[in-house]
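Welcome to this short tour of a protein and its ligands. Take a look at the structure below, and then we can go through its two ligand sites together.

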Amino acid sequence: MLTWPAPFLPAIPGTGFPVHLHDSVTGRRVLASAGPVATMYVCGITPYDATHLGHASTYIAFDLLHRAWLDAGLTVHYASNVTDVDDPLLERASATGTDWRSLATEQTALFAEDMTALAVLPPHTYLGAVETIPTVVTTVQRLLDAGLAYRVPLEDGAGGDHPELGDVYADVTIDPGTGSLEGLTHDETVALFAERGGDPQRAGKRDPLDPALWRRERPGEPSWDGGALGTGRPGWHIECTVIAERSLGLSFDVQAGGRDLCFPHHEMSAAHCRALGGHGPRIQAHAGMVALDGTKMSKSLGNLVLVSRLRERGIDPMAVRLAVLAHHYRSDWEWTDEVLASAVARLDRWRSAVSGNGGPDALPTVEEIRRALADDLDAPAALRAVDAWADASLSLGGTVEGAPGVLSRSVDALLGIRL
Ligand code: 5CA
Ligand code: ZN
């Protein structure tokens, strides 16, 4: 899968601090990477109705981590995926009478344009579910051979020429702790699993929470050669495990996404990594949910603000990025016209403040931005530091020659905001 062009990263004076990040599993703040190579997997989109502000907010959050790591002198290996075949994509294509491949291709391209406009650094490894199918097949076979997965008989009409080869499910009971969510009863956990793409009621499973690894061919659904697994398509969680393994290995620093991926997706993906012999991600990092009119922005509900629509309206993507950065990545927040208007005003103010040749010394502000980012990606604090420099520059002026240039290059390199 092709990524998008990398934005230019200006050189800036000094070096960033080691980044600490909140781990959702332990609730602790930990060193994000011991270096010298930092590894991150951010779950990519399912390409329909992309890119809404919720997606944008999640990718911008972890783009800050990427930038802060680079600034701290680490080499970053960043991997991501595109879920270019899955139930919700197929359902949307059939509901709108579109070919699922065209829908996926079109929306993946639109996402790349949006990420380019928002100055998000592209992943180094970017793989689609479809192009990864041969690796999924061998990986699922490994799990079956190890006795960590099992086959579930199919309903009549499924399975093409080999209906005797069932769907394959992972056995969650192998990994103690999987599926026991803090604060939720077993029934509530099962309900959440169903709400987020799981099939707890499927007859023949050993445990309601067992996730599908390989779904056999069904009439009217696309399917691929699965060798000894029989024709079919990959399950969702194994897709990310396999793509992470191909790009980063089975033990890596951070797996990230929006908070709705915490369970079951990230929990199951990490369990698959362990079943395959790795440790999985050392940290799971989750961004808060962006809402519109009081409800989480989601493709299935359709309450969306699309980045491409804002761009069509002539809104500067840097203002959109700044609107996102005004919120801490772990908080839930609401997209409103006022949020955008205040970001547009802030961008204007910053641009006026850097328009001269002299200004207040920028180096203390650069250090404040770096400290804020190293402290669990505290973008709002970084923005306040730039606001203070801009206020001083506009009201008092300043005598340090070149300071506006240092400030604007730093805001570009660290926050991805081009002034
Ligand atoms: N393809 C899978 C991940 S492997 C997927 O969840 N795709 S997605 O298109 O539904 O979401 C892409 C990313 O955007 C995920 O990290 C998801 O958690 C995040 N996301 C979706 N809606 C919101 C929202 N309203 N606020 C914040 N992040 C969101
Ligand atoms: Zn994923």
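A nitrogen atom of ligand 1 is 2.9 Å from a polar backbone atom of Val290, a polar contact (a pair of N or O atoms within 3.5 Å). The model is predicted, so local features need pLDDT of at least 70 and side-chain atom pairs pLDDT 80 or more, while totals for chains, interfaces and linings use all residues. Residues are numbered from 1 along each chain, ligands from 1 in the order in which they are written, and side-chain values use heavy atoms without hydrogens or water.

**Around ligand 1**
- A backbone N or O atom of Gly44 lies 2.8 Å from a nitrogen atom of ligand 1.
- His55 places a polar side-chain atom 3.4 Å from an oxygen atom of ligand 1.
- On its own, ligand 1 has 600 Å² of accessible area, and the protein covers 95% of this (Shrake-Rupley method, 1.4 Å probe).

**Around the zinc ion**
- Cys43 (SG), Cys240 (SG) and His265 (NE2) coordinate the zinc ion (ligand 2) at 2.1 to 2.2 Å; donors are N, O and S atoms within 2.8 Å of the metal, or 3.2 Å for Na, K and Ca.
- Cys240 in helix α6 (residues 236-248) and His265 in helix α7 (residues 262-275) are 25 residues apart, a pair that links distant parts of the chain; helices are DSSP runs (H or I) of at least four residues.
- Cys240 counts as buried because its relative accessibility is 2%, where buried means under 20% relative accessible area with a 1.4 Å probe and protein chains only.
- His265 is also buried, at 1%.

Methods. Helices (H or I, at least four residues) and strands (E, at least two) are DSSP runs, numbered from the N terminus. Buried means under 20% relative accessible area, exposed over 50%, partly exposed in between (1.4 Å probe, protein chains only). A polar contact is a pair of N or O atoms within 3.5 Å; within protein, one must be able to donate a hydrogen and the other to accept it, and residues adjacent in sequence count only if both atoms are side-chain atoms.
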